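User: Hi! I'm new to reading protein structures and would like to go through one with you, question by question. Could you show it to me?

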Amino acid sequence: MLLNADTKSDLLFRMKRIRHVEEQIAARYSEWKMRCPTHLSIGQEAVAAAVGKVLRQSDLAVSGHRAHAHYLGKGGNLPAMIAELYGKVTGCSRGRGGSMHLIDLSAGFEGSTAIVASSIPVGVGLALAARLKNTGQVSCVFFGDGAVEEGVFYESANFAAVKKLPVLFLCENNLYSVYTPLQIRQPAGRKIHDMVRGLGVNSIAGDGNDIEEVYGITAAAVTRIRNGEGPQFLEFYTYRHREHCGPNFDNDIGYRSEEEFQQWKNRDPITLYEAKLLADGVISQGDINNMQTRIAAEVDEAFVFAESSPFPAAADAGANIYAS
């Protein structure tokens with residue numbers, strides 16, 4: 001897919017923005033003002049940035065525990081997200097959900113949930129509602145490779161295939177489920193996208209660290225969905241740089257090697273794309289400096305907003321738990 005200079009520049013900006021947000025979360029986490037667990041996507045930004053640009057604001061998305069990038073990619077409110085991590089009433093879930101429970105209906109981000117694979121049937125239900133209401137919306141379901149090992153994934157994929165629902169299954173395969181590598185969780189030689197194709201869902205795999213490839217594959221898949229061709233499954237290979245849960249690096253605990261980490265670090269999607277755009281003359285170092293200045297100012301303002309916002313009132317602790 002041929003992309004113009006503005007699109008390329010925006011893709012880089014989106015990745016850098018997500019990266020800076022999460023690096024600041026990591027840097028400030030030890031202050032003990034964010035009391036919720038955090039699952040960072042540092043290293044995986046290309047998928048969220050590209051998919052978010054392909055989807056329309058009216059389209060819908062759900063995610064799991066590693067949701068910051070998906071929320072921001074879909075257009076979620078940054079100050080509200082940071083406030084949510086701080087447990088403040090101005091947070092996108094009113095301070096009740098923390099990092100793993102983000103929502104912004106105005107951006108079409110319908111929520112994220114902590115239990116692996118639990119948002120997959122929700123995303124399929126959203127697609128069914130869109131079909132019944134004839135809204136023309138696409139429902140995008142973000143999840144990791146571990147989620148395809150849950151039974152609800154197969155039930156959801158089968159239902160979507162039978163009903164030809166407008167759902168985009170988006171699997172970020174970062175090779176690990178917590179500390180367990182893919183090769184000891186699934187049979188040797190199995191490819192997730194090949195397996196899903198056997199369920200009757202059109203499936204494609206791609207390089208999740210090549211943002212233009214992600215953008216092109218996703219745009220084509222969404223076009224097929226809008227043309228009534230039914231659900232699409234995309235598997236993008238990528239890699240998280242930091243620990244499964246938390247702000248630190250964890251190569252020292254032995255579940256992955258330093259050599260493997262460095263191989264993937266050398267394929268950092270932001271570093272690679274920035275170098276490509278510079279070499280192609282699409283952007284200048286001045287453009288990059290301006291991006292970084294804009295992003296840093298925006299993120300600093302979001303943290304100021306979060307810290308200065310009030311906590312929820314104790315009297316409201318029981319509100320919105322049960323339907324009236």
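User: Is Asp250 buried or exposed?

Analyst: This is a predicted model, where local features need pLDDT of at least 70, side-chain atom pairs count only at pLDDT 80 or more, and totals for chains, interfaces and linings use all residues. Residues are numbered from 1 along each chain as its sequence is written, and side-chain values use heavy atoms, with hydrogens and water left out. A residue is called buried under 20% relative accessible area, exposed over 50%, and partly exposed in between (1.4 Å probe, protein chains only). Asp250 has a relative accessible area of 3%, so it is buried.

User: Which residue forms a salt bridge with Asp250?

Analyst: A salt bridge here is a side-chain nitrogen of Lys or Arg within 4 Å of a carboxyl oxygen of Asp or Glu. The closest N and O atoms of this pair are 3.2 Å apart.

User: How many salt bridges does the structure hold?

Analyst: Some of them share partners: Asp10, Arg14 and Lys53 are joined into one network in this way. Counted over the structure, the salt bridges number 16.

User: How many residues apart are Asp268 and Arg19?

Analyst: Their side chains meet in a salt bridge, with 3.1 Å from N to O, and both residues are buried. Helices (H or I, at least four residues) and strands (E, at least two) are DSSP runs, numbered from the N terminus. Asp268 sits in the loop between α9 (258-265) and α10, while Arg19 is in helix α1, so the pair links distant parts of the chain. The separation is 249 residues.

User: Which residue forms a salt bridge with Glu307?

Analyst: Glu307 is in helix α11, and its partner is 274 residues apart from it, in the loop between α1 and α2 (45-54). The closest N and O atoms are 2.8 Å apart, and the partner is Lys33.

User: Now for the pockets. How much space lies in the largest pocket?

Analyst: On a 1 Å grid over the protein atoms alone, a pocket is an open set of points where a 1.4 Å probe fits, with protein on both sides within 12 Å along at least five of seven lines; lining residues have an atom within 4 Å of a point. Grid points are joined across faces, edges and corners, and a volume is the space filled by probe spheres set on the points. The largest pocket is lined by 27 residues, with His65, Arg66, Phe143, Gly144 and Asp145 nearest its centre. Its space is about 380 Å³.

User: Which element gives the largest share of that lining?

Analyst: The elements that give two or more residues to the lining of the largest pocket are β3 (139-144) and β5 (176-177). The largest share is three residues, and these come from β3.

User: And which element gives the largest share in the second largest pocket?

Analyst: This pocket holds about 250 Å³ of space, and of its 15 lining residues, Lys16, Arg19, His20, Glu23 and Ile270 are the closest to its centre. At least two lining residues each come from α1 (5-28), α10 (269-279) and α11 (285-308). The largest share, four residues, comes from α1.

User: Is Ala117 buried or exposed?

Analyst: Ala117 is found in the loop between β2 and α5. Although not a glycine, Ala117 has a positive phi of about 75°. Its relative accessibility is 7%, so Ala117 counts as buried.

User: Is Arg94 buried or exposed?

Analyst: Arg94 has its place in the loop between α4 (78-85) and β2. Arg94 has a positive phi of about 60° although it is not a glycine. At 52% relative accessibility, Arg94 counts as exposed.
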